[in-house]
Amino acid sequence: MLADSNTSKIFGFADYGISTDSLAEKSPDYGLSPYDKVQASIFKKQLAIEIAGLPEKERLVMVMYYDEEINFKEVGAVLGVSESRISQLHSQALYRLKARMQAWRID
């Protein structure tokens, strides 16, 4: 096995004409049809509208948790409530959004 490895040659991506740009992660829209891209865009806009329409604390929880990537414990510290209360607010917000976005359900 050692003799076999001594006769091998290691090639880099550049040797095959592959640049680091082509290795970059593809966008989530990659491979979607134009119709699907428009639908995804409309869905995101509608979801943003519905999130903006949530009660203040629920909206703040959603923004801090998903946009700011702050965990429930830290969100609770900011809002002055317990981590379990943040979990409840998060669940309520998801329930409201699910009901409001019912038209977008596929199943």
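1. Contacts of L47. In this predicted model, L47 touches L97 and M101, once neighbours within four places in sequence are set aside. L47 sits in helix α3, which spans residues 34-52.

2. The salt bridge. How many salt bridges does the rule give? The count is 1. E58 and R96 form it through their side chains, with an N to O distance of 2.8 Å. The pair joins distant parts of the chain, since E58 belongs to helix α4 and R96 to helix α6, 38 residues apart. Side chains of opposite charge can pair when their charged atoms come close.

3. Exposure of the two partners. Are E58 and R96 buried or partly exposed? E58 has 3% relative accessibility and therefore counts as buried, the cut-off being under 20%. R96 has a relative accessible area of 33%, so it is partly exposed.

4. The largest nonpolar core. Seven side chains are listed here: V61, M64, F72, V75, L79, I86 and L89. Helices α4 (56-67), α5 (72-79) and α6 (83-100) each give two or more residues to this core. Helix α5 supplies the largest share, 3 residues. In soluble globular proteins, nonpolar side chains tend to be buried together.

5. Packing of α5 on α6. The axes of these helices come within 8 Å and cross at roughly 100 degrees. Angles of 65 to 115 degrees count as roughly perpendicular, so α5 and α6 are roughly perpendicular to each other. From α5, the contact uses F72, K73, V75, G76 and L79. From α6, it uses E83, I86, S87 and H90. By class, this contact holds 4 nonpolar, 3 polar and 2 charged residues.

6. F72 in detail. F72 is one of the core residues and also takes part in the contact between α5 and α6. Beyond four places in sequence, F72 touches Y65, E83, I86, S87 and H90. Among these, E83, I86, S87 and H90 are the α6 residues of the helix contact.

7. Backbone at E69. Which residue has a positive phi although it is not a glycine? E69 does, with a phi of about 55 degrees. E69 lies in the loop between α4 and α5. The residue is exposed, because its relative accessible area is 68% and the cut-off is over 50%.

Note on methods: Residues are numbered from 1 along each chain as its sequence is written. This is a predicted model: local features need pLDDT of at least 70, side-chain atom pairs count only at pLDDT 80 or more; totals for chains, interfaces and linings use all residues. Side-chain values use heavy atoms; hydrogens and water are left out. A nonpolar core is a set of buried Ala, Val, Leu, Ile, Met, Phe, Trp, Tyr and Cys residues joined through side-chain atoms within 4.5 Å. Buried means under 20% relative accessible area, exposed over 50%, partly exposed in between (1.4 Å probe, protein chains only). Helices (H or I, at least four residues) and strands (E, at least two) are DSSP runs, numbered from the N terminus. Contact means heavy atoms within 4.5 Å. Axes are lines fitted to C-alpha atoms, for helices over the stretch in contact, and angles run from 0 to 180 degrees between N-to-C directions. Angles under 35 degrees count as roughly parallel, over 145 as roughly antiparallel, 65 to 115 as roughly perpendicular and the rest as oblique. Ala, Val, Leu, Ile, Met, Phe, Trp, Tyr, Cys and Pro count as nonpolar, Asp, Glu, Lys and Arg as charged, and the others, Gly among them, as polar. A salt bridge is a side-chain nitrogen of Lys or Arg within 4 Å of a carboxyl oxygen of Asp or Glu.
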